[in-house]
Amino acid sequence: MRAYDAYSQKIGSKECEEGQIFIEPQGFCVLAGVGIKEGLAQKALDSVKEKLDTEYGVMILQPAYTRYHLELGEVTSYPPGYKENAGIFCHNNPWVSIAETVIGRGNRAFEIYQKTCPAYIEELSEIHRTEPYVYSQMVAGKDAKNHGEAKNSWLTGTAAWTFINISQYILGVYPTHSGLSINPCVPKEFGSFEITRKFREGTYYINVTNPDNVEKGIKSITVDGTPIKGCIIPYIKGKTSYDVKVIMGN
């Protein structure tokens, strides 16, 4: 469920005639770690794929509103498939991609990332119709007349969220209070990769290999040749260089 309106009626519930599922609670709750042990996180993300996903990205809600609802206001004022009324908001697609990494589905996380990333959709430029090198605020959803056509290029926080998604969740290099965490979640055939990351006064030279082609999981991490437990590299005050070797595996 998404919310309650001012009259205590449910929004984003299977009980609603329209607007039965929204992208935000599915993505953000899982991103926050809610429902993982109970299997609810996977159920939520499976529902996203079944009900909200399209070839151009994940829509914000379904089914689209077909009439104006006074109690809901703006979201129902747009034509079906546009803007908040079941459009594909590029800004919140990374939330779902991040959520997929939380439950270890690297293939799906990268698939969602690719659907809105300019580098991967240049062949759709005649459909997309905005600059092929920049994110747009939204892409018309499946209910729209011109499904896949983008609107409001540049006017979005998508690039910042995508950088967080790629760097901290897919490649998995995440800053914590106690040190730098390395826990990638990548497609099975992604292969090895190297990252240079500056964190506090140190520079981390990180080499990741994945001999078993797993989507997520750490078999071992060594720092300057010494094995560490877990996936957080302990912070050492004043240390300026870290040579990190990561082997993914079950």
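**A buried methionine**

In this predicted model, M59 has 0% relative accessibility, so M59 counts as buried, the limit for that term being under 20%. The residue is found in the loop between β5 (57-58) and β6 (61-62).

Leaving aside residues up to four places away in sequence, M59 touches I23, K51, L52, T54, A86, G87, I88, G141 and K142. K145 stands 86 residues from M59 along the chain, and the C-alpha atoms of the two are separated by 15 Å.

**The nonpolar cores**

The largest nonpolar core has 25 residues. Those that touch the most other members are Y204, I206, V223, I233, V244 and V246. Two or more residues come from each of α4 (106-116), β11 (179-182), β12 (193-199), β13 (202-209), β14 (218-223) and β17 (241-248). Of these elements, β17 gives the most, with four residues. Apart from this core lies another, of 24 residues, which includes I23, V75, A86 and A140. In soluble globular proteins, nonpolar side chains tend to be buried together.

Not counting residues up to four places away in sequence, V223 touches I228, I233, Y242, D243 and V244.

**A hairpin**

β12 and β13 form a hairpin, with two residues between the strands. Their pairing is antiparallel and runs over seven bridges. Within this pairing, R197 stands opposite Y204 in β13. Strands of a sheet pair through backbone hydrogen bonds, either parallel or antiparallel.

In the turn of the hairpin, R200 has a positive phi of about 55 degrees. R200 also lies over the face of Y235, at 4.7 Å from the ring centre. A second case of a charge over a ring involves K239: its charged end sits over the ring of Y242, 5.0 Å from the centre of that ring.

**Aromatic rings**

The whole structure holds 12 aromatic pairs. In one of them, F110 and Y113 are tilted, with 5.3 Å from centre to centre and 50 degrees between the planes. These two residues are separated by about one helical turn because they are three residues apart in helix α4. F110 counts as buried at 12% relative accessibility, and Y113 is buried with a relative accessible area of 15%.

The pair formed by F190 and F193 is edge-to-face, because the planes of the rings stand at 80 degrees, over the limit of 60 for that class. The ring centres of F190 and F193 are 5.7 Å apart. F193 is buried, with a relative accessible area of 11%, whereas F190 counts as partly exposed at 29% relative accessibility. F110, Y113, Y120, F190 and F193 form one aromatic cluster.

**A three-stranded sheet**

An open sheet of three strands has the order β10-β11-β16, with antiparallel pairing. The edge strands, β10 (173-175) and β16 (232-234), each pair on one side only. From one strand to the next, the twist averages 30 degrees.

The pairing of β11 and β16 is antiparallel and runs over three bridges.

Key. Residues are numbered from 1 along each chain as its sequence is written. This is a predicted model: local features need pLDDT of at least 70, side-chain atom pairs count only at pLDDT 80 or more; totals for chains, interfaces and linings use all residues. Side-chain values use heavy atoms; hydrogens and water are left out. A nonpolar core is a set of buried Ala, Val, Leu, Ile, Met, Phe, Trp, Tyr and Cys residues joined through side-chain atoms within 4.5 Å. Buried means under 20% relative accessible area, exposed over 50%, partly exposed in between (1.4 Å probe, protein chains only). Contact means heavy atoms within 4.5 Å. Two strands pair if DSSP finds at least two bridges between them. Rings of Phe, Tyr and Trp (its six-membered ring) pair if their centres lie within 6.5 Å; planes under 30 degrees apart count as stacked, over 60 as edge-to-face and the rest as tilted. A charge sits over a ring if NZ of Lys or CZ of Arg is within 6 Å of the ring centre and within 35 degrees of the ring normal. Axes are lines fitted to C-alpha atoms, for helices over the stretch in contact, and angles run from 0 to 180 degrees between N-to-C directions.
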